[in-house]
Structure formats: C-alpha cells, structure tokens
Amino acid sequence: MNKFMRMLVFFDLPVVTATERKAATKFRNFLLKDGYHMVQWSVYSRICNGTDAIAMHKSRLQQNLPEKGSVRMLTLTEKQYESIEVLLGEKTFDDTSSSTELINIF
C-alpha cells in the first residue's frame with residue numbers, strides 16, 4: 001500500500017532583469033501545471049501517492065530548474081504535513097486532510 005506524501009518546494013529566484021523574471025515565471029508556471037499548489041509566496045506543495053511518485057516528480061522538478069537562484073525540496077508524510085501550524089493567517093483547502101481524501105476518490 002502506498003503512503004500519501006507531500007513534496008514542499010521552496011525557492012528564491014532573482015527577478016531583477018527581464019530574463020530573470022521570465023525564468024522565475026516559467027518555473028512557477030511549471031509547478032502549477034505539475035500539480036503543485038502555492039502554500040505561500042515561493043513555497044509550493046504537492047501531494048504524491050508513494051515514493052515512486054515522489055521520485056518521478058523530483059526528476060521532473062530537476063529537469064525544469066531555472067539557471068539561477070535557490071530551490072529546495074522537502075518530503076514529508078501526509079501525517080507530518082497535517083501537523084503544520086498556521087501562526088498568522090488561515091489554512092487553505094490544500095492544508096486540510098480533505099484535499100488528500102479527494103485523491104482517494106480518483
């Protein structure tokens with residue numbers, strides 16, 4: 001049985017020149033098209049069904065990295081991710097266990 005996991009991608013990309021802004025936008029658009037959701041600015045999250053899916057999406061992420069900047073990835077179990085505490089602001093739908101339940105339907 002596969003275990004639901006979360007991939008968190010953190011990035012800090014330069015956006016001084018037009019070329020850098022274009023690269024940063026291209027990277028964010030890739031994340032959205034690949035099923036990531038913005039948790040907050042420069043932090044994106046994606047639910048994966050097991051370690052094979054994590055490996056596949058990590059490979060896709062590596063193939064779409066911009067030339068400059070800093071990009072980090074953290075993998076958590078869904079149970080670990082559910083313990084996140086929002087200290088200011090509100091949880092979004094993607095932060096709830098209901099978002100994982102939708103994957104179970106498909």
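Biologist: Let's start with a single residue. Is D34 buried or exposed?

Modeller: D34 counts as buried, at 6% relative accessibility. Keep in mind that this is a predicted model.

Biologist: Which residue forms a salt bridge with D34?

Modeller: R60 does. The closest N and O atoms are 2.7 Å apart. R60 lies in helix α2 and D34 in the loop between α1 and β2, so the pair ties together parts that are 26 residues apart in sequence.

Biologist: How many salt bridges does the structure hold?

Modeller: Three. One of them joins R6 and E78, with the closest N and O atoms 2.9 Å apart. That pair links distant parts of the chain. R6 sits in strand β1, E78 in helix α3 (residues 78-82), and they are 72 residues apart.

Biologist: Are R6 and E78 buried or exposed?

Modeller: R6 is buried, at a relative accessible area of 2%. E78 is buried as well, at 6%.

Biologist: What does K68 pair with?

Modeller: K68 forms a salt bridge with E20. Their closest N and O atoms are 3.8 Å apart. K68 is in the loop between α2 and β4, E20 in helix α1, and 48 residues separate them.

Biologist: New topic, helix α1. What span should its 16 residues have?

Modeller: Helix α1 covers residues 18-33 and should span 22 Å, at 1.5 Å a residue. Its end C-alpha atoms are 22 Å apart, which agrees.

Biologist: Which residues of α1 are buried?

Modeller: E20, A24, F27, R28, F30 and L31. Seen down the axis of α1, the buried residues fall within an arc of 155°, so they line one face of the helix.

Biologist: What follows α1?

Modeller: G35 follows α1, and its phi is positive, near 95°.

Biologist: Now the sheet. In what order do the strands come?

Modeller: The order is β2-β3-β1-β4, in an open sheet of four strands with antiparallel pairing. β2 (37-40) and β4 stand at the edges, each with a single partner strand, so one side of each has no neighbour in the sheet. On average, neighbouring strands are turned by 30° against each other, direction ignored.

Biologist: How many bridges join β2 and β3?

Modeller: Three, in the antiparallel sense. H37 stands opposite S45 in β3.

Biologist: Last one. Where do the helices α1 and α2 lie?

Modeller: α1 lies across β1, β3 and β4, and runs at about 170° to β1. α2 also lies across β1, β3 and β4, but its angle to β1 is about 20°.

Methods: Residues numbered from 1 in each chain as written. Predicted model: local features only at pLDDT ≥ 70, side-chain atom pairs only at ≥ 80, totals over all residues. Heavy atoms only, no water. Helix = DSSP H or I, 4+ residues; strand = E, 2+ residues; numbered from the N terminus. Expected span 1.5 Å × (residues − 1). Buried < 20%, exposed > 50% of the residue type's maximum accessible area, 1.4 Å probe, protein only. Arc of directions from axis to C-beta. Pairing = 2+ DSSP bridges. Axes fitted to C-alpha atoms, helices over the stretch in contact; angles between N-to-C directions. Contact = heavy atoms within 4.5 Å. Salt bridge = Lys/Arg side-chain N within 4 Å of Asp/Glu carboxyl O.
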